[in-house]
Amino acid sequence: MFYEYLKLEQGKNPSFTFKIEADDEKKITRCFWSDAISRRAYKFFGDVIIFDTTYNTNRYGLIFAPIMGVNNHGQTIVFACGFLNHESVDDFHWLFTQFLESMPSGAPKMIITDQDPAMTKAFPIILPNTFHRYFNLRRTLKFTSTAYLKALLNMTLFNYFYRYCSWHILMKFSEKIDAIKYGIYKNEFSDCIWKSETPEEFELQWESLMKKSGLGGNKWLNDMYGIRSRWISAYVNHIFSADMSSSQRAESGHAFFKKFVSKNNSLMDFMIQFGRGLIRQRHEELIADHKDLIKKAKMRIDHDFLFQMVEIYTNEMFYKFEEELCKSFNYKFEFLRENDTHRVYHIRRKRVETSKVREIIYDKNLDFILCACKKFDSAGIPCRHVLAYLCKFYDLAKLPDKYILKRWTKSAKSGRVVDDNGVDIVNDSTHLSRRSQFIQLSLDVVDKALVYEETRKMFTDGLYSINEQIDQFIGSRTSANISIEINNPTSAGTSVLGGTSKLGGCSAHDSCNVDNSYNEPDQVRAKGCRKRLKGGKEKALARVKNKKVRRCHGCGKAGQAHDKRNCPAFTNPSSLYGDANLEDGNDSSTKDGVGIQD
């Protein structure tokens with residue numbers, strides 16, 4: 001039924017693409033799929049992708065592998081999905097080969113993934129020019145040696161880069177350096193790692209901190225410094241990352257979809273439930289699109305840039321831009337030097353003598369302003385320092401186009417999208433048109449219902465009733481459609497372009513064999529099924545927590561230093577009335593449950 005479901009979806013829209021591979025017994029081993037909406041989204045927002053496998057989404061233990069990104073509202077979106085029976089180099093290579101073949105544009109600029117040796121080997125081959133950033137090194141940093149970590153980094157091929165998650169490395173500081181020195185210098189280490197904006201700045205602060213703390217001989221710190229270019233932000237903030245932070249985006253995406261799926265789902269059940277989650281996610285995106293069209297963001301101040309950008313940016317991005325612009329008025333400049341190609345200034349906060357001094361460079365040839373914080377490079381929004389320069393030295397009524405990244409604008413999703421064969425990738429326009437009509441009709445009814453208490457109750461009750469009826473109808477209709485497809489596989493429809501079938505798969509520009517059928521996959525035991533490894537500190541805390549509390553069988557009190565043989569309740573019977581004496585107001589203290597008169 002899983003294959004028939006995918007064929008049914010392709011019959012509805014030929015831009016739906018999928019590929020299934022099976023073993024000699026026709027048991028599914030791995031698959032890939034992506035619909036028209038996801039493929040179009042990749043064209044506009046595929047500069048940064050997040051890839052993280054997750055478990056417990058189906059009864060077979062197949063590993064669910066969504067490939068996600070972020071849209072112009074800052075919302076998580078899905079580009080494609082896959083099921084894998086192993087997390088091997090071959091599996092990841094296969095999955096991303098299908099991904100690149102199906103997407104309408106080239107490889108992403110950055111991919112953010114979990115640290116996995118198989119990914120480390122596979123991605124340099126399939127994505128040789130993509131910046132690879134790790135977001136979760138908990139297992140490697142806590143449970144493997146630094147020698148292995150450095151050997152892992154030496155696997156780098158071509159122009160492939162890696163970044164460690166600084167937060168996880170900072171968690172190791174308490175274990176790897178002296179406890180007293182850690183307490184004294186932890187804030188300075190944190191500032192050095194997080195607030196350094198250039199490699200030179202980080203190296204100077206690190207060297208100074210090593211001398212001051214006397215930790216220059218610490219082997220672990222020296223090893224971490226040796227691979228600083230892999231985990232320090234100052235070394236990687238020149239690559240666009242859509243301002244995404246660590247693994248939070250991937251974890252929130254998994255948490256969202258796990259509301260709809262469970263480990264007891266068959267593949268067919270998974271697709272239906274996952275589809276509902278996908279509809280919910282896309283509904284939120286449509287709501288954001290609709291709000292951008294009918295409601296402008298409120299401006300805190302009157303400024304030419306804001307009047308311009310409120311029409312261009314999505315509301316979410318406009319508020320971020322407005323925050324940077326408002327803070328730009330608090331900076332002052334100091335001329336530093338100038339030559340034939342560049343003009344350099346120092347910029348710092350007004351009335352704050354201890355504020356950080358940054359360097360602003362004006363490139364005369366490019367007519368472009370560069371800032372040491374590199375916020376525009378990494379987040380795609382002009383920083384407060386660049387905006388301060390534009391406001392001070394230029395009398396501009398509009399922000400120049402070179403500082404506006406289209407992917408954050410309201411028009412980010414405009415334009416024609418075609419695949420590698422020149423075929424248009426289109427959504428179901430009829431569906432979108434009807435949806436817009438329903439939204440407008442619903443808004444009209446909502447406005448009327450809000451007038452009276454009785455109409456509000458009528459609207460609420462009617463909405464619940466209609467929702468239940470629709471759910472029941474969809475459930476029965478889906479089962480009926482799948483039964484028809486099984487009995488009459490040719491009715492699913494093939495690609496309008498025809499073509500030669502690929503073994504075990506079907507894409508948007510290929511037709512599939514009519515006699516394709518697959519058996520249920522074997523049970524998979526993935527890496528995530530094992531018990532989570534624990535570090536020394538966590539084990540020690542667990543031992544303390546689970547330690548059996550000693551109880552005296554004489555007085556019955558727990559956590560006492562005595563036992564029944566020397567219990568004060570027997571050696572000093574008057575102590576039995578100690579509590580009563582306290583209640584009567586006597587000035588006494590207690591020790592081991594015994595009242596002792598001062």
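**Asking for reasons: cysteines, cores and a sheet**

Colleague: What makes cysteine 81 count as buried?

Modeller: Its relative accessible area is 2%, and buried means under 20%, exposed over 50%, partly exposed in between (1.4 Å probe, protein chains only). Cysteine 81 is therefore buried. Do keep in mind that this is a predicted model, where local features need pLDDT of at least 70, side-chain atom pairs count only at pLDDT 80 or more, and totals for chains, interfaces and linings use all residues. Residues are numbered from 1 along each chain as its sequence is written, and side-chain values use heavy atoms, with hydrogens and water left out.

Colleague: And how do you know whether the sulfur of cysteine 81 is bonded to the closest cysteine sulfur or too far for a bond?

Modeller: A disulfide is a pair of cysteine sulfur atoms within 2.5 Å. For cysteine 81 the closest cysteine sulfur, in cysteine 31, is 9.3 Å away, so the distance is too far for a bond.

Colleague: What about cysteine 555, which sulfur is closest to it?

Modeller: That of cysteine 552, at 3.8 Å, which is again too far for a bond. Cysteine 555 has 29% relative accessibility, so it counts as partly exposed. By the disulfide rule, the count comes to zero.

Colleague: How do you describe the way helices H1 and H12 meet?

Modeller: Helices (H or I, at least four residues) and strands (E, at least two) are DSSP runs, numbered from the N terminus. The axes of H1 (residues 2-12) and H12 (residues 267-294) come within 8 Å and cross at roughly 35 degrees. Axes are lines fitted to C-alpha atoms, for helices over the stretch in contact, and angles run from 0 to 180 degrees between N-to-C directions.

Colleague: Which residues are in that contact?

Modeller: With contact meaning heavy atoms within 4.5 Å, Phe2, Tyr5 and Leu6 in H1 meet Leu267, Met268, Met271 and Ile272 in H12.

Colleague: What makes a set of residues a nonpolar core?

Modeller: The residues are buried Ala, Val, Leu, Ile, Met, Phe, Trp, Tyr and Cys, joined through side-chain atoms within 4.5 Å. The largest core here has 61 residues, and Phe189, Leu221, Phe321 and Leu399 have the most contacts inside it. Helix H16 (residues 384-393) gives the most to this core, with five residues. Leaving aside neighbours within four places in sequence, leucine 399 touches residues including Phe305, Phe321 and Leu390. A second, separate core of 33 residues includes Ile49, Met103, Ala412 and Val417.

Colleague: Why are E9 and E12 said to stand at the edges of their sheet?

Modeller: Two strands pair if DSSP finds at least two bridges between them. The open sheet has four strands in the order E9-E10-E11-E12, with antiparallel pairing. Strands E9 (331-338) and E12 (368-371) each have a single partner strand, so one side of each is left without a neighbour in the sheet. H16 packs on this sheet, touching E9, E10, E11 and E12, and its direction makes about 80 degrees with that of E9.

Colleague: How many bridges join E11 to E12?

Modeller: Four, and the strands run antiparallel. Isoleucine 360 has cysteine 371 in E12 as its bridge partner, while aspartate 363 stands opposite phenylalanine 368.

Colleague: What makes aspartate 367 stand out?

Modeller: Most residues other than glycine have a negative phi. Aspartate 367 has a positive phi of about 55 degrees although it is not a glycine. This aspartate lies in the turn of the hairpin that E11 and E12 form with four residues between them. At 36% relative accessible area, aspartate 367 is partly exposed.
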